[in-house]
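Q: I'm new to this one. Can you walk me through it?

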Amino acid sequence: NLKLVDVVIELLDARIPLSSKNPEIDKLAHNKPRVVVLNKSDLSDRAKLNKWISYYQSKGIKAIPVDTLKGSGVNKIVEECKNVTKEKMDALKEKGRKERAIRVMIVGVPNVGKSSLINKLTGRKSTQTGDRPGVTKGKQWVRLKGNLELLDTPGILWPKFEDQDVALNLAFCRAIKDEILDVETLALRLIGKLMEIEPEKLKARYKLEELGDRDIETMDMIGRKRGFIMGNKELDYTRIATTVLNEFRDGKIGKITLEVPEDIKK
């Protein structure tokens, strides 16, 4: 499909730009102009987001922060697609070829916001959207604003995860279906991660004076603070887990980015 397009829009989750990047894409699209779009930027930490924008700038790639639900930043994507394909389009004109739409492809993992982005770029509801992975099913061409034409493809996760942290980050951000995961263990891992990188935000959200020494102690403290106790006076771990995961995903714990460019393994 890459042979059919002029530019690849790589859609990443601004909270996990490293984990939401398909490791095969550099190899597959190495000779195609690329625009990186950091979606859900409204849920990310601004200082860390700026680090990612600078990182891509150093690689000669423009990274555009967007919020596809509100549409902020979307027009910049159209401008950048025109910028990176200008040379090619000018060369076609010189050869006497009739002007045609710039053909683009959006690649990204499930639930990163592709359908929402396409709907903002078309100005109408052209694709089905949903806050769960796997809503886009087949391949389709869609006309966009600004004389762009899009080859839409479903979100694809690569066949295996070499890195356990990548798998966890994708699961935290709902790129992997909750139905196939142990949500209690997942929430426990998320609490452990937040204790490490954003302890103050975790304390503030759950009104904790201190965090536990271990993630399970902090999880118990959150459960007791919220009153998630069952009839037999035991903590309701499923309720604690779904609450923490949903509040992280909705940005209620705060604007959080789980990765920085320094995490890239050399």
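Predicted model: local features only at pLDDT ≥ 70, side-chain atom pairs only at ≥ 80, totals over all residues.

A: One term before we start. Ala, Val, Leu, Ile, Met, Phe, Trp, Tyr, Cys and Pro count as nonpolar, Asp, Glu, Lys and Arg as charged, and the others, Gly among them, as polar.

Q: Okay. By class, what does the lining of the largest pocket have?

A: That lining has 17 nonpolar, five polar and 16 charged residues.

Q: How much space lies in the largest pocket?

A: About 950 Å³. The pocket is lined by 38 residues.

Q: Which residues are the closest to its centre?

A: Leu18, Ser19, Asp163, Val166 and Glu259.

Q: And which helices each supply at least two residues of the lining?

A: There are helix 2 (46–58), helix 5 (164–172) and helix 6 (183–197).

Q: Which elements have the lowest and the highest mean pLDDT?

A: The lowest is strand 5 (residues 140–144), with a mean of 79. The highest is helix 7 (residues 199–206), at 98.

Q: Back to helix 6. At what angle do helix 6 and helix 9 pack?

A: Helix 6 packs with helix 9 (residues 237–249) at about 55°. Their axes are 8 Å apart. That angle makes helix 6 oblique to helix 9.

Q: Is their crossing left-handed or right-handed?

A: Helix 6 and helix 9 cross in a left-handed way.

Q: New topic: cavities. How many are there of 30 Å³ or more?

A: The count comes to one. The largest cavity has a volume of about 30 Å³.

Q: Which residues line the largest cavity?

A: Its lining is made of Asp13, Ile16, Ser20, Val109, Pro110, Asn111, Val112, Leu170, Cys173 and Ala175.

Q: How do the residues of that lining divide?

A: Seven are nonpolar, two are polar and one is charged.

Methods. Residues numbered from 1 in each chain as written. Heavy atoms only, no water. 1 Å grid on protein atoms, 1.4 Å probe; cavity = no way out; pocket = protein on both sides within 12 Å on 5 of 7 lines; lining within 4 Å. Points joined across faces, edges and corners; volume = space filled by probe spheres on them. Helix = DSSP H or I, 4+ residues; strand = E, 2+ residues; numbered from the N terminus. pLDDT = per-residue confidence, 0-100. Axes fitted to C-alpha atoms, helices over the stretch in contact; angles between N-to-C directions. Parallel < 35°, antiparallel > 145°, perpendicular 65-115°, else oblique. Left-handed = near helix turned anticlockwise from the far one by under 90°.
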